[in-house]
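I have opened my notebook for a first walk through this structure. Come along, and I will jot down what I look up as I go.

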Amino acid sequence: MRLLHLSDLHVGKCVNGFSMLAEQRHVFEQIVGYVRSEAVDVVVVAGDVFDRSVPGVDAVCVFDDFLTALACEGVAVLLVAGNHDSPERLSYASRLLVDKGLFLCGLFDGSLRKVSFSDEFGVVNFWLLPFIKPLLVQGFFGDCRVENCNDAFVAVIKNAVVDFSVRNVLVAHQFFTKVGVDCVRSDSELCSVGGLDAVDVGIIEGFDYVALGHLHQAQNVGVDHVRYVGSPLKYSFSEVLHEKSVLLVEINEKNSGVNIRVLPLVPLHDMREIKGKIADLMSCDVVSLANREDYLRVILTDEDEIVSPMEKLRSVYPNIMSLSFENSRTKNDFSDVCYSSEFSGQLSLYELFSEFFLKMCGSTMNLEQMRVVKKLFEGEDVL
């Protein structure tokens, strides 16, 4: 049996004010192409379908088109809710959609939901578990002490009737850890404080394959068959070095392991970081090195003041998401300046404010800002 593992679609997401819908349509088309070319039997979506609990109309339409395209390929789709999703909204019409091969598991109702398929080696049970919180699980298992997510998973698995003599696949959206294994996390994820969201991977290692969602970097959790596939697109600059993909998992007969193949996803526009002096970055030699319409974080190293740097850069790179400066002034540590009366006494009010602005904003003031601040300190009308 062949399954395609994807997660953390975050349909409708905006990154630094830029909508990702066109990018998402583009990778969804590639995923549908893989379903067709690789003869996929089951597609699993391990949570965070939408970026918001109340997605916009455009986001709903994009995902509806994606599901419709998958249905036209005759593939079964198994989907669980993530921490970004609204479980109730994601479960809408779920019982009616089963006949279409679409299995939506948004709400945890006290038990693992089982969906079974068969191939030449017998039955494969897929167990669907949406994102859970300790308080929710405690309500179903009052006889268990559930203080954190690990306790919650122990209670859920303990009370499930899983026949491990046959093949079993778990689809879940949670943060799993293993002693000695450092999971890679991204800025675009929601992280809990104090490790209360961590679950020991040993609880679920008995499944033949575990399709996980939540972390945006593709990785296993200490064992090869417990996998995060990651997000299909880069959603923060902490992910600029990530290679985005989906996983094709071939489940063979019991106790013979699984074969896992990485299928790359290519975005319309990549997310990159470029660094240097503005004249160099705008030169034809540098611009021609990659797609100038990529989403960029630009770091300028010029020592001289630059008038309207963003306006100049966007005339060449229209999709700049972030602009910062790295030069001798930004590298200075002014943390002690505010507390040194001797040093402060040597600076004018304008100079003190300039240093404060640099520390707070990470860049120097532009000419218009400098003009306004000088007039303020001189007591002149700035209007």
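**Entry 1: Arg272 and its surroundings**

I began with Arg272, which I found in strand β17, residues 271-276. I kept in mind that this is a predicted model. Which side chain does the side chain of Arg272 make a polar contact with? I looked it up: the partner is the side chain of Asp294, at 2.8 Å. I then listed the contacts of Arg272, leaving aside its neighbours within four places in sequence. Asp294 is on that list too, together with Phe237, Val240, Ala290, Asn291, Tyr295, Leu296 and Arg297.

**Entry 2: The sheet with β17**

Next I wanted to see where β17 sits. It belongs to an open sheet of three strands, in the order β17-β18-β19, and the pairing is parallel. I noted β17 and β19 (320-325) as the edge strands, since each pairs on one side only. From one strand to the next, the twist averages 15 degrees.

I also checked how β18, residues 295-300, is joined to β19: five bridges link these parallel strands.

Then I turned to the interior. In soluble globular proteins, nonpolar side chains tend to be buried together. Here I found that the largest nonpolar core has 42 residues, and those with the most contacts inside it are Leu4, Leu6, Val11, Val43, Phe63 and Phe66. Elements that each supply at least two residues include β1 (2-6), α1 (21-37), β4 (42-46), α2 (57-72) and β15 (245-251). Which element gives the most to this core? It is α1, with seven residues.

Leaving aside its neighbours within four places in sequence, its contacts include Ile31, Tyr34, Val35, Val43, Leu247 and Leu263. Apart from this core lies another, of 33 residues, with Val156, Phe175, Leu212 and Val221 among them.

**Entry 3: Two positive phi angles**

Last, I looked at backbone angles. Most residues other than glycine have a negative phi, and most peptide bonds are trans. Ala39 has a positive phi of about 50 degrees although it is not a glycine, and I found Ala39 in the loop between α1 and β4. Ser308 also has a positive phi of about 50 degrees without being a glycine. I placed Ser308 in the loop between β18 and α9 (309-314). Is Ser308 buried, partly exposed or exposed? Its relative accessible area is 34%, so I wrote down partly exposed.

Notes. Residues are numbered from 1 along each chain as its sequence is written. This is a predicted model: local features need pLDDT of at least 70, side-chain atom pairs count only at pLDDT 80 or more; totals for chains, interfaces and linings use all residues. Side-chain values use heavy atoms; hydrogens and water are left out. Helices (H or I, at least four residues) and strands (E, at least two) are DSSP runs, numbered from the N terminus. A polar contact is a pair of N or O atoms within 3.5 Å; within protein, one must be able to donate a hydrogen and the other to accept it, and residues adjacent in sequence count only if both atoms are side-chain atoms. Contact means heavy atoms within 4.5 Å. A nonpolar core is a set of buried Ala, Val, Leu, Ile, Met, Phe, Trp, Tyr and Cys residues joined through side-chain atoms within 4.5 Å. Buried means under 20% relative accessible area, exposed over 50%, partly exposed in between (1.4 Å probe, protein chains only). Two strands pair if DSSP finds at least two bridges between them. Axes are lines fitted to C-alpha atoms, for helices over the stretch in contact, and angles run from 0 to 180 degrees between N-to-C directions.
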